[in-house]
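User: I'm new to this one and would like a walk through it. Can you put it up?

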Amino acid sequence: MNTATTTDNAAHQEIVRKELFVDGYEVVIGIEIHCQLNTESKIFSSAPTDFGHEPNTQASIVDLGLPGVLPVLNSGVVDRALKFGIGVNAELGLFNTFDRKNYFYPDLPKGYQITQMANPIVGKGYIDVVVNEGDKNEYPKRMGITRAHLEEDAGKSVHDAVDGMTGVDLNRAGTPLIEIVSEPDMRSAHEALAYIKAIHQLVTWLGISDAIMAEGSFRCDCNVSVRKPGSELGTRTELKNLNSFRFIERAINREIERQIDIIEDGGKVIQATMLYDPERDETRTMRTKEDANDYRYFPDPDLLPVRIEQHTVDSIRAAMPELPVARRARFEEALGLSEYDARILTGSRPLADYFEDVVAEVGQQDAKMAANWVMGDLLGALNKDDKDIIDSPISAKQLAGMLARIKDDTLSGKLAKKVFSALYEREGGDADDAADKIIEEKGLKQETDTGAIKAIVEEVIAKNQAMVDEYRGGKEKAFNGLVGQVMKASRGSANPQQVNQILKELLG
Amino acid sequence: MSELHLLSTQQLITGLQDKQFSSAELTEHYIKRIDALDSKINSFITHTSETARAQAQAADEMRAQGDKRPLLGVPMAHKDIFCTQGVLTTCGSKMLHNFISPYDATIVTNIDKAGMISLGKLNMDEFAMGSDNESSHYGAVHNPWNLNHVPGGSSGGSAAAVAAGFVPVATASDTGGSIRQPASFCGLTGIKPTYGRISRFGMIAYASSLDQAGSMGRSAMDCAYLLQPMIGHDPRDATSIKHDMPDYVQDLNTAVTAAGDNAKPLEGLRIGVAKEYFTSGLDTEVEQAVRAALKQYEALGATIVEVNITDPEITLATYYMLAPAEASSNLSRFDGVRFGYRCENPTDLLDLYTRSRSEGFGPEVQRRILTGTYALSAGYFDAYYTKAQKVRRLIVKDFEDAFANCDVIASPTAPTAAYKLGEDLDPATMYLGDVYTIGVNLAGLPALSQPVGLTSNGLPIGLQLIGQYWQESKLLSTAHLFQQHTDHHLQHSTIAKETV
């Protein structure tokens, strides 16, 4: 993708143009992502941030906004936000202040949210994404990031717990968030999705967020407008709280259609906050600009400005992991993997780490073999069991131990599959040389002694004269039958290449 | 023992140490006085007599076992702005008429640890907004020097309780003069330390960048005793600052020792006097008493130097822009949802908010919330809030310039002595009463008020001393040396003279 030629680019532009213009309208999308940071305690209190507990059991007096309580900044959120800032190549805000955003809502205990309005921790940056990744019409694009700032999450209103009333659960109140604001750079739902996925991958890759959409730890608001190319920006609407990748794409497309329909009918789009109803597959107006709050932002007098020292930034920068884009390029260039393999193996940081741990053992020259086993057998088995790479029953060293036995011809491909299955069932225990133990215990060692194989081949030829005759009579298929018999007689242990070779020799 | 309540904190400590009386006896003496006389004053909102008796008994036992904490078993009381675990904490408001705090403010914990005994929670202007204690939901407080007069505010209950001889010392808080002005009106010494010196955790916020807790007593030494356990960095308050930890009582004693027999113990002290503090609104008797006190300071060796500070009218305007702005946000949490007052049968969410807040807050609080909301609104923010913050920096600068030529700045604490209850001043006139005290809060400086005489009607007059950052010891020592040679602080209110 980085090496696309000018011709390719032109072709892409054509695809882009085709995709991007909807009934002659250009789509403009800007995205705000609220991403919870995975500190153990909250942003301004010592209460735990665990998800899924009984209502109001994870809220301290500070989170409840009791009279007299004060916020104290959790320094863990600063480090995480800086990592993000470095990850999106941003100017970092070394002088941080916190502001109050004032509005009334039952799940907002203090009547204001502490956020960063004037001096955010992350300034202008960008992220490189691949749109339609994996499809033949994929293309790269750089998406601008306006800013990202720290703030506290609100609680939740629960509408179905108490009959006729709304319950308030303040467990989430005070959970640290980083709100990531993009430039209005997206021109289609696919571009929006590519951007969101890239941010999602980055924050999980950096280990700063669990980013589980279903739990609300990664929430997207999309600002959508349409215009005739070259004209002023159209009136935008904001699609709130989209909580799955699938809905994001559908919601944006429905909203684009709705706006175009309005304009085509001679109407005007009204600035509004919209909700997407997945069941009806339509967007609905939640509130219009007329009901908009005046948030009366002002600096929070309870929190002094936070100056971040350059050495703090330097040490965070030094400890930054290699980011997905760079790692993928390295997998392609240094390890000789295909673009496809490199993409799959950099799908998540634990997967890439696992793969590299295997390569570290077997050597770079066998990276392709390592890639095949990790992507094929291992991911296949894990997917079947709905497990993540971090739950893999086979450690990287164990897998590498098995690959070493393939390389030294102890194992044939077929035997290796058996050893793999045994490893997966943890029959070799925890030891790094589990593969060797399994080979030993199950007698799965490949037979490579030419004399021994020759003896078996001779025996098979003697017992299967009919097949031999067929082969000699020109029936090539019969040869495979003989190979099968040899493998069977050796209980699968004979080296297949040697079997082929010896069989050919003896049959003349 | 009928006059135990006229003893100084130092005398109480000595008396307890020498077993002249027990903490139980002392505590009982105060409770008896409160029970008999507070109906005239209304200084307490909540009494904690039973726990106080138990604590006093425990203190006596600890002392018998060798516990040497100086303040062990010495009674006091808290302004009702400080959260006290298991005890009603109202902040003077109907809004918190039912709020039993589930936690202690940091200063409450610290004073507890020092072994002091709390007799209850003291009346105050609602949410500390007021200068005469008439905005309290729990009724006005009467000045123990003359029951027809106000005690000042917002710490009117604290001042009245000490002046009435119900407690030797009391905690208080000061956002624009709320310690110093009532101390002045009630003939007491009261100190507001440097912003950041005392944790604000658990002190219900009025204007966070201005609020600071402090102590009130009859003398500078009384103030020093109570201030000591209150100070120190608190990890739960990001604006509490790590700084050296002075020993105030020791510093005051050292100052006296250093002065020795010198007839001019304040030799070398430069007292700045600003003409801006002696303007047209200043009552003649107050001016005379303050100038007389300055003469006494000169007689004790101090030199008076002229300094300039920001025009108090500008300071007043700045304060009444910033304090309500912060208050409007700080008081948003009182919404009827989680604690405190909730209106009857709300029809919907908006009705719940509107009526709970309209019914739960008094007029002065509502006025400041509205003023502050306006100042922060889109389109007005820069003209009001931002401009006021700029002026605030100039006020700080003016103080810094003034302190280049002096060690402390002296002024009247308030333009008048205590006025009559029920005068129903219009807000603007009432705000003028804060004209000399609010600059200190805007700059975050420490300041105290000390008594310097009485009006012809027998009402106390106060002198304010403003110090440089972190120099509470300097302020208290200065007032202490003055009090070693004068007797203004030894005058007692009418109620204090009553025996029960």
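User: How much of chain A counts as buried?
Analyst: This is a predicted model. In chain A, 41% of the 508 residues count as buried.

User: What helices and strands does chain A have?
Analyst: Chain A has 16 helices and 15 strands.

User: And what does the C-alpha trace of chain A span along its principal axes?
Analyst: The trace spans about 95 × 55 × 55 Å. The radius of gyration of chain A is 30 Å, whereas a compact globule of 508 residues would have one near 23 Å.

User: Which domains does the assignment give for chain A?
Analyst: Domain 1 covers 6-314, domain 2 covers 319-442 and domain 3 covers 450-507. The centres of domain 1 and domain 2 of chain A, taken over C-alpha atoms, are separated by 36 Å.

User: How many residues of domain 1 and domain 2 of chain A are in contact?
Analyst: On the domain 1 side 8 residues take part, and on the domain 2 side 7 residues. Helices α2 (75-87) and α3 (189-205) of chain A each give two or more residues to the domain 1 side. By class, that side of domain 1 of chain A has 3 nonpolar, 3 polar and 2 charged residues.

User: Switching to the two chains, how many residues does the contact take from chain A and from chain B?
Analyst: It takes 26 residues from chain A and 36 residues from chain B. The chain A side that touches chain B divides into 17 nonpolar, 4 polar and 5 charged residues.

User: Now chain B. At what angle do α7 and α16 of chain B pack?
Analyst: Helix α7 (residues 220-230) and helix α16 (residues 472-484) of chain B pack at about 150°, and their axes are 8 Å apart.

User: Which residues make that contact between α7(B) and α16(B)?
Analyst: From α7(B) they are Ala220(B), Met221(B), Cys223(B), Ala224(B) and Leu227(B). From α16(B) they are Glu472(B), Leu476(B), Ala479(B), His480(B) and Gln483(B). The contact of α7(B) with α16(B) counts 7 nonpolar, 2 polar and 1 charged residues.

User: Is Tyr206(B) buried or exposed, and why?
Analyst: Tyr206(B) is buried, because 27 other C-beta atoms lie within 10 Å, and the cut-off for buried is 20 or more.

User: Which residues is Tyr206(B) in contact with, leaving aside neighbours within four places in sequence?
Analyst: Tyr206(B) is in contact with Phe127(B), Ala128(B), Met129(B), Thr175(B), Asp211(B), Ala327(B) and Asn330(B).

Note on methods
Residues are numbered from 1 along each chain as its sequence is written. Chains are lettered from A and ligands numbered from 1 in the order in which they are written. This is a predicted model: local features need pLDDT of at least 70, side-chain atom pairs count only at pLDDT 80 or more; totals for chains, interfaces and linings use all residues. Domain bounds come from an automatic or database domain assignment. Helices (H or I, at least four residues) and strands (E, at least two) are DSSP runs, numbered from the N terminus. Ala, Val, Leu, Ile, Met, Phe, Trp, Tyr, Cys and Pro count as nonpolar, Asp, Glu, Lys and Arg as charged, and the others, Gly among them, as polar. Axes are lines fitted to C-alpha atoms, for helices over the stretch in contact, and angles run from 0 to 180 degrees between N-to-C directions. The radius of gyration is taken over C-alpha atoms; the globule rule is 2.2 Å times the number of residues to the power 0.38. A residue is buried if 20 or more other C-beta atoms lie within 10 Å of its own, exposed if 12 or fewer, and partly exposed in between; C-beta atoms are placed from the backbone.
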